[in-house]
Structure formats: structure tokens, C-alpha cells
Amino acid sequence: MGGKFPRILACGDSALSVELADTIDETVSERIIALAANLAATPVEGIEELVPTYRSLMVIYDPSVTRGHALDRELHRRLMTLTVNSVPARRFDVPVVYGGSVGLDLQELADMKKMTPAALIELHASAEYRVYMIGFAPGFAYLGGLPEQLHTPRLATPRQRIEASAIGIGGKQASINSVPGPSGWRFIGRTPLRLFDPHRPQPFLLQAGDRVRFRPVSEDEAAELDRAVAAGQPVMEAQLS
């Protein structure tokens, strides 16, 4: 990677952060995901959890089983021999009802961009997004690929509560909320899908490396999907490509 990277930093006494760069880059993301896959396929005793981020992999371990310095050496060894294989990406077609009580920033954002709400929706839905990381809240998806025209600073004063499944814009990033909570992002709609459900076999719907496209739907279709999701019915399957 050149320069000061990769580097491995201690995060307390039970985690290491494997940093591969200081910029957001798809190649870096693929390498992080490859390292996580390598550690999952050939586990190191004592590692309890792997958390991919934009530019690093958090490795959480049990210090009663392995020590940080030994794990540091093993991680460096894995990085030296790491192969990034091209694997099919999971692709999700995410239904979105734009505007409404959740998409409360749609009109203001359209005014800021000197475009109609319909044109903003079309532009937002025209892009393919990459899930760079899951974090901040359980299942919260940080997305890269937001069209440059839609890049917008976050609000100066965060709102105290934004509902789950809200579709957001913050700086150069897009997002999908997973649980209700405060946020300074700007929100333009919502999806009936639940990104986090602790009762599912896989609680998180998305994972780092997935691809997302947004599909505008009507209020009526969203209501039908709401009912299906509430009943536990499958409403979307990932496609591999």
C-alpha cells in the first residue's frame, strides 16, 4: 500500500485496528473485505469479531486466549500473503417511497440543488451504491457512490429522532437508517425494508461489499411492503453478479 500503511494499532486491550489507507477507495475496501474473509475462513484462536470499515478492519479478540503482540504478528503475516479474489457481489434492489413524513428534507434539498424533487429522485435512484461499512447503529449502512450533484453538508443541528429505514444524505455519502435515533443527515425518503432485525437468522440485511440500487415506489406499494415485512414475508432477495 506504500507509505505508512498498512499499520496495526491497539484499541484498548482487546482489539486491533488494521489500517490500510487514510482515504476512501473501493480497492482498499475490497482488500479489507478480503482480509476479513481470510480470517473467517482460517480462524485465529481468540478472535471474537471482525468489523470492516471504510479503510480498516477492527479485530476484536479475547486477551485471555491470545495476546495483542502475537495477533499483530499474525495479521501482518496474513497481509503479506493476502490475495484479493474477484467474487460476485450481492446486489439489492431497495424500494423507496420518497418524500413524506420521513423524507422531510426532499423539497429543501431540491431547492438547494435548483432542481425539482422529481429530478432529484431520478438522480438519486440512477446510481449504484456500494456498502462500505455497517456501523454507528446495528445494521446502519454507509453507502458510497452518491452522485456529486447531491453531495450536501449535514445539518448544523442534528434532529433528535429519525425513524428506522430512512434514506439519508450526508456529505459525499448516502445511508439507510437501521434503528430510530438522532441524526444530522438529510433525509429524502424511507424503505419498507428492515436493515436490522434481531429475530432473523442474519440480523443485518446488508454487509460491506454489497451493491444497492434504489427503486422509487408509490405510497400504496410501500404500504403493501410494510404489511409483508411486518408479517415476516420475504420481499427481496439478493442477486449475485
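I looked up the carboxyltransferase domain first: an unreviewed UniProt entry places "domain: Carboxyltransferase" at residues 6-206. UniProt positions follow the numbering used here, feature names are shortened, and annotations may be inferred rather than shown by experiment. The model is predicted, local features need pLDDT of at least 70, side-chain atom pairs count only at pLDDT 80 or more, and totals for chains, interfaces and linings use all residues. Residues are numbered from 1 along each chain as its sequence is written, and side-chain values use heavy atoms, with hydrogens and water left out.

I noted that residues 6-206 are 23% helix and 30% strand, with the end C-alpha atoms 27 Å apart. Helices (H or I, at least four residues) and strands (E, at least two) are DSSP runs, numbered from the N terminus.

I then turned to salt bridges (a side-chain nitrogen of Lys or Arg within 4 Å of a carboxyl oxygen of Asp or Glu). The structure holds 14 of them.

I found E19 paired with R55 at 3.5 Å, N to O. E19 lies in strand 2 and R55 in the loop between strand 3 and strand 4, 36 residues apart. I recorded E19 as buried at 8% relative accessible area and R55 as partly exposed at 27%. Buried means under 20%, exposed over 50%, and partly exposed in between (1.4 Å probe, protein chains only).

I also found D93 bridged to R215, the closest N and O atoms being 3.2 Å apart. D93 is in strand 5 and R215 in strand 13, 122 residues apart. D93 is partly exposed at 38%, and R215 is partly exposed at 30%.
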